[in-house]
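Student: I would like to learn how to read a model of this kind. Could we go through a few features in turn?

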Amino acid sequence: METFFKSIIISFIIISIPIQSQETNQKVPAKNLNSKLSNDGVQELKIKFQNDQTIIPLTPKKPYEPPKEFSFKKENGSRFLTFYPGLQANLTDLTIQSDTGGNAVMKDDQRMDQNLTFLYDLKSPEWQIGENWGLFILNRNVNFRQSKQKITDVVATNSSSSEDSNSSKDSSPIKQYTNKDLGTETYGSYHMLLPAIYYGKKGNDHFRLGAGFGYSKVNIQGTADFNDGNGYFNNFLVFSSGRNLDEKIDNMGRYSLLNNGNIDADPYRVYLLSNLSSGNNLEALGLYTLLKGDVNPKSIDPLLALFYSQLTGNQLSPLELYALLTLGIGRVNSSSNYAKSYYVFWEIPIGVINWRLGIGGPFYNQNGYKISFTTIEMSFYTPIEF
């Protein structure tokens with residue numbers, strides 16, 4: 001029996017040895033070396049070595065991708081709005097014309113510290129029409145301050161003769177325009193909302209040329225000379241034409257009401273100017289003007305104050321004298337929520353920065369006055385799209 005079990009064990013060992021050697025000598029097929037891509041796109045290769053049974057995963061490198069340039073601009077443009085932070089240089093001319101013939105042209109003095117301001121415009125998403133045309137809505141914001149006026153100077157006389165039966169001669173003055181500091185100053189702001197059409201491709205990283213027309217909210221404060229630089233001289237002549245002091249004061253009030261700018265038609269000021277010699281109206285006008293801060297102290301002419309004192313025999317109090325001096329120039333206090341506006345612009349992208357050149361401004365009528373702006377703008381900004 002023992003011999004029988006020994007023979008069975010020996011037979012089993014002899015049979016198992018060829019099978020094990022066949023498994024160990026079997027080669028790994030080449031087609032099993034490459035496995036399929038996993039869900040995340042990484043290919044894993046496993047090689048099994050017969051000696052140490054080590055598994056080594058091999059992961060190929062991802063293809064090289066160049067670094068992306070930093071930019072706030074989106075490839076397909078903004079979804080909601082675009083913010084334009086940057087710097088702008090504006091040259092703004094303000095023209096005010098009255099229906100009585102008064103005219104004031106206020107000019108920037110072209111100083112860099114005065115004309116360079118922050119840009120904070122807003123723009124809606126762009127709606128492309130065809131390949132090269134599109135639309136958007138622009139919110140443009142401008143602050144302005146003018147401290148000079150455009151004045152007409154007659155420098156010579158141009159004589160031209162024509163021979164006729166009477167041998168008459170005609171002459172015409174030669175005029176030139178200069179910008180002078182008269183002590184007058186206008187300042188304020190306007191905010192434009194303009195549907196604009198442009199020629200160019202969609203996106204802030206493309207060249208474009210466009211124009212818009214819409215409305216503006218305007219606010220103007222300050223003073224202006226509506227007599228072409230002769231405001232004080234004209235008022236002195238008006239004051240001198242009266243026969244007595246009351247008549248002189250009344251003439252000044254009426255002339256100022258008609259010619260020197262009462263754009264906002266302040267009812268209290270209109271009442272005082274219409275009855276300037278009555279009661280304490282002259283003194284009340286001086287106090288009212290002083291409290292509102294309508295007049296720039298630079299516009300007060302000390303030489304004219306001396307003339308008024310001598311012509312009145314020093315009968316005026318300092319507050320009454322101040323009121324007369326403020327009538328030599330026009331007071332500007334104007335606002336409008338629906339001023340018509342236009343804007344023409346040219347944009348060029350320069351990397352992450354855009355350069356823009358534009359011209360435009362609001363224009364409107366108020367109480368018989370025609371008011372218009374002409375602003376030339378150059379700005380650099382970085383569009384931030386949301």
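**Reading helices, strands, cores and loops**

Tutor: We can begin with a pair of helices: α5 and α6 cross in the left-handed sense. Bear in mind throughout that this is a predicted model.

Student: At what angle do the axes of α5 and α6 cross, and within what distance do they come?

Tutor: The general idea is that a packed pair is described by the angle between the axes and the distance between them. Here helix α5 (residues 267-274) and helix α6 (residues 281-292) have axes that come within 9 Å and cross at roughly 145 degrees. From α5, the residues making the contact are Y268, R269, Y271, L272 and L273, and from α6 they are N281, A284, L285, Y288 and T289. Sorted by class, the contact of α5 with α6 holds seven nonpolar, two polar and one charged residues.

Student: How many helices and strands does the protein have?

Tutor: The secondary structure comes to eight helices and 15 strands. The protein has 386 residues, and 37% of them are buried. Among contacts with a separation of 6 or more, 70% are between residues 24 or more positions apart.

Student: Let us turn to the strands. In which sense do β11 and β12 pair?

Tutor: A general point about side chains comes before the case: in a regular strand they alternate between the two faces of the sheet. β11 and β12 pair in the antiparallel sense, over 16 bridges.

Student: How many residues lie between the strands in the hairpin of β12 and β13?

Tutor: There are two residues between the strands, and G351 in this hairpin takes a positive phi near 65 degrees.

Student: Which residues touch the most other members of the largest nonpolar core?

Tutor: That core has 26 residues, and I96, I220, I371 and F373 touch the most other members. The elements giving two or more residues to the core are β3 (82-98), β4 (103-107), β7 (133-146), β10 (186-200), β11 (208-224), β12 (330-350) and β14 (369-381). β10 supplies the largest share, five residues.

Student: What is F373 in contact with, leaving aside its neighbours within four places in sequence?

Tutor: F373 is in contact with T92, D93, L94, F144, Y190, V218, I220, G360, G361 and P362. There is also a second, separate core of 21 residues, which includes M252, L273, L304 and Y322.

Student: Why is helix α8 described as largely enclosed?

Tutor: Helix α8 (residues 318-326) has nine residues, and seven of them are buried, so the rest of the structure largely encloses the helix. The buried ones are E320, L321, Y322, A323, L324, L325 and T326. What covers them includes α3 (231-240), α4 (245-259), α6 and α7 (302-311).

Student: Now single residues. Is T223 buried or exposed?

Tutor: T223 lies in strand β11. T223 counts as buried because its relative accessibility is 1%, and the cut-off for buried is under 20%. Beyond four places in sequence, the contacts of T223 are M106, G183, T184, E185, T186, D294, V295, N296, I329, G330 and V332.

Student: Where is L81?

Tutor: L81 is in the loop between β2 (55-58) and β3. Its relative accessibility of 35% is why L81 counts as partly exposed. L81 and E126 are 45 residues apart in sequence, with 9.0 Å between their C-alpha atoms. Neighbours within four places aside, L81 is in contact with L122, K123, P125, I384, E385 and F386.

Student: What is the phi of D228, and what is that of N367?

Tutor: Most residues other than glycine have a negative phi. D228 is not a glycine, yet has a positive phi of about 55 degrees. D228 sits in the loop between β11 and α3 and is partly exposed, with a relative accessible area of 30%. N367, also not a glycine, has a positive phi of about 50 degrees. N367 lies in the loop between β13 and β14 and is partly exposed at 46% relative accessible area.

Notes. Residues are numbered from 1 along each chain as its sequence is written. This is a predicted model: local features need pLDDT of at least 70, side-chain atom pairs count only at pLDDT 80 or more; totals for chains, interfaces and linings use all residues. Side-chain values use heavy atoms; hydrogens and water are left out. Axes are lines fitted to C-alpha atoms, for helices over the stretch in contact, and angles run from 0 to 180 degrees between N-to-C directions. Helices (H or I, at least four residues) and strands (E, at least two) are DSSP runs, numbered from the N terminus. A crossing is left-handed if the near helix is turned anticlockwise from the far one by less than a right angle, and right-handed if clockwise. Contact means heavy atoms within 4.5 Å. Ala, Val, Leu, Ile, Met, Phe, Trp, Tyr, Cys and Pro count as nonpolar, Asp, Glu, Lys and Arg as charged, and the others, Gly among them, as polar. A nonpolar core is a set of buried Ala, Val, Leu, Ile, Met, Phe, Trp, Tyr and Cys residues joined through side-chain atoms within 4.5 Å. Buried means under 20% relative accessible area, exposed over 50%, partly exposed in between (1.4 Å probe, protein chains only). Two strands pair if DSSP finds at least two bridges between them.
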